[in-house]
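Me: Could you take a close look at the salt bridges in this model and walk me through them, please?

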Amino acid sequence: PQPCSIARAAALLADPWTIVLLRDAFRGVRRFDDFLALSGAARTVAAARLRRLVGSGILARRRYSERPPRDEYVL
């Protein structure tokens, strides 16, 4: 881990898909399929970037449906 908060943020945001997904989140997008449709990212790429944003604490995953189990991403 990098000790500098600016270096950690830069490393996280260096990927263009991460910036696109964050832009969409700030515009109110919450559901995975909506992120896919608006960003144009491949499913695997979007899933990996969203997982990384959740892991870093920028986004949170929140369950909105139990059957079938569905989550949304919130800032």
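Reply: Happy to. Buried means under 20% relative accessible area, exposed over 50%, and partly exposed in between (1.4 Å probe, protein chains only). This is a predicted model, where local features need pLDDT of at least 70, side-chain atom pairs count only at pLDDT 80 or more, and totals for chains, interfaces and linings use all residues. Residues are numbered from 1 along each chain as its sequence is written, and side-chain values use heavy atoms, with hydrogens and water left out.

Side chains of opposite charge can pair when their charged atoms come close. With a salt bridge taken as a side-chain nitrogen of Lys or Arg within 4 Å of a carboxyl oxygen of Asp or Glu, the count comes to seven.

One of them joins Arg23 and Asp24, with 3.0 Å between the closest N and O atoms. Asp24 is buried, at 2% relative accessibility, whereas Arg23 is partly exposed at 35%.

Another pairs Asp33 with Arg43, whose closest N and O atoms are 3.8 Å apart. Asp33 sits in helix α3 (residues 32-39) and Arg43 in helix α4, so this pair ties together parts 10 residues apart in sequence; helices here are DSSP runs of H or I with at least four residues, strands are runs of E with at least two, and both are numbered from the N terminus. Arg43 is exposed, with a relative accessible area of 51%.

Asp71 belongs to strand β2 (residues 70-74) and Arg61 to strand β1 (residues 60-65), 10 residues apart. Asp71 counts as buried, at 16% relative accessibility.
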